[in-house]
2 protein chains.
Amino acid sequence: MTHLDRFAVLAANGRAARRVLEAAGPDARSAALRAAAAEIRTRAKAILDVNATETEAARARGQTGAFLDRLTLDAERLEGIAAGVEAVAELPDPVGGERRRWTRPTGLEISEVSVPIGLIGVIFESRPNVTADAAALCVRAGNAVILRGGSETTGTSAALVEAMRAGLRAAGLPEDAVQTPPDSDRAWVTAMLSLDEDGCDLVIPRGGKSLVAHVREHARVPVLSHLDGVCHVYVHAGADPDKALRITLDSKMRRTGVCNAAETLLIDADCAPDLLPVIAGALAGTGCALRGDDAARKLVPGMETATDADWDTEYLDAILSVRVVDGMDGALDHIAAHGSGHTDAIITEDDAAAARFLGQVDSSVALHNAATGFSDGAEFGYGGEIGIATGRLHARGPVGAAQLTTGKYIVRGTGQVRGSWPR
Amino acid sequence: MTHLDRFAVLAANGRAARRVLEAAGPDARSAALRAAAAEIRTRAKAILDVNATETEAARARGQTGAFLDRLTLDAERLEGIAAGVEAVAELPDPVGGERRRWTRPTGLEISEVSVPIGLIGVIFESRPNVTADAAALCVRAGNAVILRGGSETTGTSAALVEAMRAGLRAAGLPEDAVQTPPDSDRAWVTAMLSLDEDGCDLVIPRGGKSLVAHVREHARVPVLSHLDGVCHVYVHAGADPDKALRITLDSKMRRTGVCNAAETLLIDADCAPDLLPVIAGALAGTGCALRGDDAARKLVPGMETATDADWDTEYLDAILSVRVVDGMDGALDHIAAHGSGHTDAIITEDDAAAARFLGQVDSSVALHNAATGFSDGAEFGYGGEIGIATGRLHARGPVGAAQLTTGKYIVRGTGQVRGSWPR
C-alpha cells in the first residue's frame with residue numbers, strides 16, 4: 001500500500017471517530033482529557049525514557065542549543081503538559097452554543113450553532129508539547145486529529161499519543177480520535193496535503209517558515225497557517241513615557257524568538273526627541289541592537305542604519321528597527337506597507353488616536369497600551385493555542401478550541417413551503 | 001505583460017481601493033450601492049442593447065433553452081437587478097460590529113469585531129445578474145472585488161461593472177473597488193488562482209461542478225466553494241401527513257435545477273405504507289420520476305429501481321430517489337454515507353426526534369418541518385447570496401455580506417506588560 005492509501009485508512013478511522021466524539025457531548029470529551037492527563041502522569045517514566053533516548057540521539061548528531069532544548073522533556077515539563085491538557089478539559093464547551101438566532105417573516109426560526117470542524121491534520125516540528133496541546137484542543141472541540149510531528153521526537157510523540165488514546169478509551173470514546181502515522185516519513189505529509197474530500201477538513205502547520213510555505217504550496221485541503229510576525233509598537237505623541245518604555249522593552253525583549261515579539265518601533269516626530277534616547281538606552285542595556293532611519297539616528301548617536309529590507313524583516317532576535325514617523329498617517333502607512341497583519345500596538349493616552357489606530361490598522365490583533373506578547377492563546381484565556389493565524393479566512397489571531405469549530409444553521413418551521421402544493 | 005502581471009495590477013488597484021472602502025464607513029458604502037442602482041436604471045437601454053447582441057450571438061452559435069435563458073436580460077430582470085442592489089444597500093452594516101467582548105485577569109479588555117476580508121475574486125458563468133449581486137454584497141461588507149464572468153456575456157457584465165463603478169465614484173469612493181478583466185481569456189482565471197500573497201484574499205467560484213473542481217484543483221489562495229447539493233427530506237414516523245406531502249413536493253419540484261432541491265426522500269418503514277403511495281402519486285402528477293429501493297417499490301407499483309449510484313447523485317432534474325428506512329438511525333446513517341453536507345430536512349411532529357435529527361445530521365442547513373428551498377440567502381434575510389458554501393471552514397451555508405467579513409481582535413490595556421521592566 002502507498003502512503004496515500006495508508007493515510008486514507010487513518011483518515012477514515014478519524015472521520016468515523018469524530019462522528020462519535022461529536023455525538024458523545026462535552027462531558028465525555030472533558031472526561032477523556034482528564035483521563036489522558038492522568039495517563040500522561042502514570043506513564044511519565046516511560047515517556048521520559050523514550051524522550052531521553054531521542055534527545056541523546058539528536059545530540060549525537062550534533063544538535064545543540066535552542067533546537068535541542070525544544071526536544072527535551074523533564075519531569076517538570078511533562079507535568080506542565082499534563083496540567084495543560086487538564087486546563088483544556090475545564091474550558092467552557094466550545095461546541096453546540098448558539099451564535100445567533102432570528103425569526104423570518106415566513107415564521108421560520110433560524111439559529112446558527114457551533115459544531116466541530118471534523119478531522120484536523122496538524123503538522124509540526126520536533127516539539128513534544130505540541131502533541132498533547134494540539135490533541136487536547138482538537139478533542140475538546142469535538143474534532144478528530146492526525147498528528148504528524150518532527151522526526152527527532154517521533155517516539156516521544158507516539159508515547160504521548162498513546163496516553164491520549166488511553167484517555168479516550170477510559171471515557172468510552174473511540175481512540176482513533178487521536179492518531180499519528182507509524183513513522184516520520186515525509187510521504188505522510190504529502191498524503192495529508194493531497195487527500196481531498198475523504199481526508200482532513202483542515203490542515204494546520206505549526207512551525208517555521210519553510211514548513212508553512214511547503215504546506216501552503218502543496219495543500220489541496222484548507223489550511224490555517226501562520227506566516228510572518230512583523231509586529232510594530234507605535235509610540236504616539238500622546239504616549240505616557242513610562243508606558244512607552246516598558247511596553248517597548250517587553251514587546252521586544254521578553255522573548256525575541258516568538259512570533260508576537262515586536263520587530264519595529266515607530267515613534268512620532270513630536271515625542272521622539274524626548275523619548276527615543278531613553279527607550280534606545282534601555283533597549284541597548286538589555287542587549288538589543290537598534291537599526292534606525294536618519295531621523296532616529298540623529299537622536300541616538302551610534303545607531304546602525306536600517307536598510308529597506310529591515311522594515312520587512314522578522315528578526316526573531318535581539319534586533320529592533322526604529323523609524324520616526326510624522327504622526328498617525330505615517331505610522332498607519334508604514335504598517336500597511338511593511339506589516340504582516342499579525343499584531344500591532346499603539347501607546348498613547350489620547351483615546352481618539354487610539355480608536356483611530358485600533359480601527360484602521362489591519363492586524364489580527366491590535367493593542368492599545370499593552371505589550372504585543374499578549375497576542376497569545378493563553379493570555380486570551382483560550383487555555384492554550386494551536387497557533388496564531390495570519391490568514392484572513394475562518395479565524396485570525398490566536399486559535400484555541402473555539403476557533404476549531406464551524407457553524408451550522410438550524411431552521412425550525414411549522415410546515416412552510418415556498419410554492420403552493422399540490423398544484 | 002503576461003496575464004499574471006496584468007492581473008497583479010488589478011489586484012494592487014483593488015487592494016488600495018478596499019482600504020479606502022473600509023475606512024469610509026457603512027453610510028458611504030450604502031450610498032455607493034444606491035447610486036449604482038440608479039446608474040443601472042439610467043443605463044438600462046445601453047445594457048439591454050449589449051445583452052441583446054450577446055444573446056443573439058449565443059443563439060446563432062446554437063445555444064438554447066435554460067442556458068440561453070440565463071444569459072438573457074429584459075427590462076423587468078434588469079429592474080430586479082437594480083432593486084437587488086438597493087436591497088443590499090439597506091442591510092444592517094455587517095462590518096465593525098462586536099462579535100464578543102471579555103475581560104482578562106490582567107485587566108485587558110478584549111473584543112472581537114467584524115472587518116472586511118479584503119480583496120475577493122469571484123469566478124462565475126454567463127449569468128449577468130451575478131455581476132451585480134456579487135459586487136453589491138462584497139462592497140456592502142467593505143471588500144473590493146474582481147469579477148471574472150463567463151465569455152458569453154462579457155459585454156453585459158462589463159456594462160454592469162461600469163454602472164457599479166459609476167455608483168462608487170458618485171459616493172466619493174474608489175471605482176477600483178469593483179473591477180473586471182478586459183476580456184474573457186481563461187488566463188485571467190489562472191492568474192486569479194495563482195497570485196498568492198499580493199492577490200485575492202479569497203476566491204469564490206459560482207457555477208457548475210467543472211468550474212468549481214477546476215478552481216479547487218488550481219487555487220493557491222483560499223476558496224469558498226459549493227460542491228454537490230445531495231439534499232434529503234426525511235419523513236419520520238411522527239410526520240404530519242399533509243406537511244410531509246407538501247414539503248416533499250416543494251423541496252423536489254419547486255425548482256429542480258437548484259442546489260437546494262431535494263434529491264432523495266427517506267421515509268420511515270412505520271409510516272411508508274400509509275404515506276408513500278400518496279406522496280409518490282402527487283410527485284408523479286407533477287412529472288417527477290421516482291427511483292426506489294425494494295421496500296419502496298413494493299408500496300408503489302411501477303416505481304423504477306434505484307441503483308447504488310442514485311443515492312449519491314445530484315439529479316438537478318425531476319427525478320427523486322426513494323428509500324424506506326428503519327427509523328432515525330437508518331436515516332442518519334444514509335445521510336452520513338450519501339449526503340453532501342448541504343441541506344437536509346426532517347418532517348415530524350415529534351420534537352425529541354426533530355432535536356436529535358437537527359443535532360446529529362452533519363449539514364450546513366438542517367431544517368424541521370420546512371422545505372429545503374429555504375436554504376437560501378434571500379430566505380435567510382441576507383438580501384441575496386454569493387453562493388451556498390459546503391466547505392467546513394469560515395462559512396457554511398448561504399453566504400451573504402456578513403459572511404464576507406472576518407474577525408479582528410481589539411485589546412485595550414492600561415500599560416500591561418508580561419515581564420518586569422526595566423530589568
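This is a predicted model: local features need pLDDT of at least 70, side-chain atom pairs count only at pLDDT 80 or more; totals for chains, interfaces and linings use all residues.
Modeller: Before comparing two copies of a chain, one superposes them by least squares on the C-alpha atoms of residues with pLDDT of at least 70 in both.

Colleague: What rotation superposes chain B on chain A?

Modeller: In general, two copies of a chain are related by a rotation about an axis and a shift along it. Here the rotation is 180°, the shift along the axis is 0.0 Å, and chain B then lies on chain A with an RMSD of 0.1 Å. The two copies are therefore related as by a two-fold rotation axis.

Colleague: Which C-alpha of chain B is nearest the axis?

Modeller: It is the C-alpha of His394(B), at 1.8 Å from the axis. The two copies also use the same surface, since 100% of the contact residues of chain B recur in chain A.

Colleague: How many residues of chain B are in contact with chain A?

Modeller: Residues count as being in contact if their C-beta atoms, placed from the backbone, lie within 7 Å. By this criterion, 55 residues of chain B touch 55 residues of chain A. Several elements of chain B each supply at least two residues to this side, among them α1 (3–24), α10 (241–253) and β13 (365–370).

Colleague: Which element gives the largest share of the side of chain B that touches chain A?

Modeller: Strand β16(B) does, with 11 residues. Sorted by class, that side of chain B holds 25 nonpolar, 17 polar and 13 charged residues.

Colleague: Is β16(B) mostly covered or uncovered?

Modeller: A residue is called buried if 20 or more other C-beta atoms lie within 10 Å of its own. Nine of the 12 residues of β16(B) are buried, and the strand is thus mostly covered.

Colleague: What order do the strands have in the open sheet of 10 strands?

Modeller: Strands of a sheet pair through backbone hydrogen bonds, either parallel or antiparallel. In this sheet the order is β10(A)-β9(A)-β11(A)-β8(A)-β7(A)-β12(A)-β13(A)-β16(B)-β2(B)-β1(B), and the pairing is mixed. At the edges are β10 (304–305) of chain A and β1 (98–103) of chain B, each of which pairs on one side only.

Colleague: How many bridges join strand β13 of chain A to β16(B), and in which sense do the strands run?

Modeller: Five bridges join them, and the strands run parallel. One can follow the pairing residue by residue: Val365(A) stands opposite Tyr409(B), Ala366(A) stands opposite Ile410(B), and Leu367(A) has Val411(B) as its bridge partner.

Colleague: How many bridges join strand β2 of chain B to β16(B)?

Modeller: There are eight, and here the two strands run antiparallel. One of the bridge pairs is Ser114(B) with Gly407(B).

Colleague: Which strands does helix α14 of chain A touch as it packs on the sheet?

Modeller: Helix α14 (residues 351–360) of chain A touches β7, β12 and β13 of chain A together with β16 of chain B, and its direction makes about 160° with that of β13(A).

Colleague: What is the order of the open sheet of four strands in chain B?

Modeller: The order is β5-β4-β3-β6, with parallel pairing. The edge strands β5 (178–179) and β6 (202–206) of chain B each have a single partner strand, so one side of each is left without a neighbour in the sheet. Within the sheet, β3 (residues 119–124) and β4 (residues 144–148) of chain B pair over five bridges, with Val122(B) partnered by Leu147(B). Helix α8 (residues 187–194) of chain B packs on this sheet, where it touches β3, β4 and β6 of chain B at about 145° to the direction of β4(B).

Colleague: Which residues of β6(B) are buried on each side?

Modeller: Leu202(B), Ile204(B) and Arg206(B) are buried on one side, and Val203(B) and Pro205(B) on the other. Strand β6(B) pairs with β3(B) in the parallel sense over five bridges, and Arg206(B) stands opposite Phe124(B). Helix α9 (residues 209–218) of chain B lies across β3 and β6 of chain B, running at about 160° to β6(B).

Colleague: What does the domain assignment of chain A give?

Modeller: It gives domain 1 (3–226 + 396–410) and domain 2 (231–379). Their centres, taken over C-alpha atoms, are 35 Å apart. The contact takes six residues from domain 1 of chain A and six residues from domain 2 of chain A.

Note on methods:
Residues are numbered from 1 along each chain as its sequence is written. Chains are lettered from A and ligands numbered from 1 in the order in which they are written. Two strands pair if DSSP finds at least two bridges between them. Axes are lines fitted to C-alpha atoms, for helices over the stretch in contact, and angles run from 0 to 180 degrees between N-to-C directions. Ala, Val, Leu, Ile, Met, Phe, Trp, Tyr, Cys and Pro count as nonpolar, Asp, Glu, Lys and Arg as charged, and the others, Gly among them, as polar. Domain bounds come from an automatic or database domain assignment.
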